[in-house]
Amino acid sequence: MEATERLRPADLRRYWERLSDQMLKVDPQGLSVTCFAGMPPWFNRFLDRYQRRALKNLVQDIDLRGLRVLDVGTGVGRWAEWYLQRGARQVVGIDVEGKRLLTARERHNEVGVVFERMSVDCLAFSGSSFDLVNSITVLQHVNRPMKEHALAEMSRVLRPGGHAVLFELTDLKDDAPHVFPEERAAWLQMARRHRLYPLRTVGEQYIPLLRAARGTLRFLARGESRGRIDAIKEHAMARPTLDASMLFLRMLVMMSYPIEEIAQRCAPARGAKITGFLLRKHEGAR
Ligand SMILES: C[S@@+](CC[C@H](N)C(=O)[O-])C[C@H]1O[C@@H](n2cnc3c(N)ncnc32)[C@H](O)[C@@H]1O
C-alpha cells in the first residue's frame, strides 16, 4: 500500500472549511460535508441510514429522556436532532468549523439545542455537567495526542456513571489524508485511560461491494488511487446525470442496501470499517 501523508492540524482546519465552502452550496442538508465527504447526497443517504441504525442499536438500553447531551464535532447537527427527538432535555453541539455551525443553527432552532464553536480537546464546560457525550466520526480525524486530550476532556465533562458514545474508524487500510484510524483495542485502551469503560460495541459500514470496488481501483490505479478517488468524487458531485460510471456506482449503492441490512444484524463488529463504542464513566471517577 502506498504510504499515506496525513494532514497536519492547521491543514485539517482548512480542509473542513474548504469542504463547507464547496459542498454546503450544493448540498444544504450537509451530508456531503459530514458523511462521506465530497460525495453526493444519494450516496450519503445510504451511509446515513445505517449510521442511524447502528446508533439506535448501540444505545438501545439507555433511557435518553431528560438527559443533557454534548455532541462533539456536531457538523450540521444531525445527531443533536436525533437525541432531542428521543427525549433529551438539552443538546449542546460543538464544532471547530463555523459555516457548518451556521447551517446547524438554521436547521435546528428548536428549544433545547445550542451550538457553539469549540474544539473537542478544550471544552469550555464545567466538570460532570453532561449525562452523555456523543462523538460520531470526529476523533478519527485528529492525531493520537489530540485524541488523548479530547477523551480526557470528554470524560471530565461527563458525570460519573454517564455514557460516552463513539463511532470511529477501525479500518487501518483507510488511507484518506484526513483520517487517523486506530485498532479497536487502541480506542478501548485510550478510553480506559480516561476512565471510560466499554459496555457494548457495534459494527457500522460493512459495505463489501464498495470496499471491493475501491480495492479494484487501488489495484488498477497502483500508486494513484487517491487521485482517482478524488476524481470520482468531483465527477459525482458535478455530474449527477447518469453516465456509465455513475450508473455503476449507483447500482453498487442500491445493491448495498440489503447487504448492509443483513450485515448489521449478523456480521461481527470487527468486520466493519467503523466501530461504535458505548462506554460508561466509572462511578467513582470525578
Ligand atoms: C465527519 S464530520 C462528522 C460530523 C457529525 N458528527 C456527523 O456525524 O454528522 C467530522 C466533524 O468533526 C469536526 N471536527 C474536526 N476536528 C474537530 C475538533 N478538534 N473539535 C471539534 N470538532 C472537530 C469537523 O469540523 C466535522 O464537522
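Let me start with Arg-100, which lies in helix H5 (residues 98-107); helices (H or I, at least four residues) and strands (E, at least two) are DSSP runs, numbered from the N terminus. Before going on, a word on what we are looking at: this is a predicted model, in which local features need pLDDT of at least 70, side-chain atom pairs count only at pLDDT 80 or more, and totals for chains, interfaces and linings use all residues. Residues are numbered from 1 along each chain as its sequence is written, and side-chain values use heavy atoms, with hydrogens and water left out.

Back to Arg-100, then. Its relative accessibility is 3%, so Arg-100 counts as buried. Buried here means under 20% relative accessible area, exposed means over 50%, and partly exposed is in between (1.4 Å probe, protein chains only). The side chain of Arg-100 makes a polar contact with the side chain of Ser-20, at 3.0 Å. By polar contact I mean a pair of N or O atoms within 3.5 Å; within protein, one must be able to donate a hydrogen and the other to accept it, and residues adjacent in sequence count only if both atoms are side-chain atoms.

Arg-100 also takes us to the ligand. An N or O atom in the Arg-100 side chain is 2.9 Å from a ligand oxygen. Taken alone, the ligand exposes 590 Å², and the protein buries 97% of that; those areas come from the Shrake-Rupley method with a 1.4 Å probe, and for residues only the protein chains shown count as cover.

Next, please look at His-141, in the loop between strand E4 (130-136) and H6. With 10% relative accessibility, His-141 counts as buried. A polar atom of the His-141 side chain lies 2.7 Å from the backbone oxygen of His-178. In helix H6 itself (residues 144-157) we find Met-154, which is buried at 1% relative accessibility.

Now for the loop between strand E6 (196-204) and H8, where Gln-205 is found. Gln-205 is not a glycine, yet has a positive phi of about 65°. Ile-207 lies in the loop between E6 and H8 too, and its phi is also positive, near 30°. Gln-205 counts as buried at 10% relative accessibility, and Ile-207 is buried at 8%.

That brings us to H8. Which residues of H8 are buried? Leu-210, Arg-214 and Ala-221 are. They cover an arc of only 40° around the axis, which puts them on the same side of H8; the arc is that of the directions from the helix axis to the C-beta atoms. On the face turned away from that buried side, H8 carries the exposed residues Phe-219 and Leu-220.
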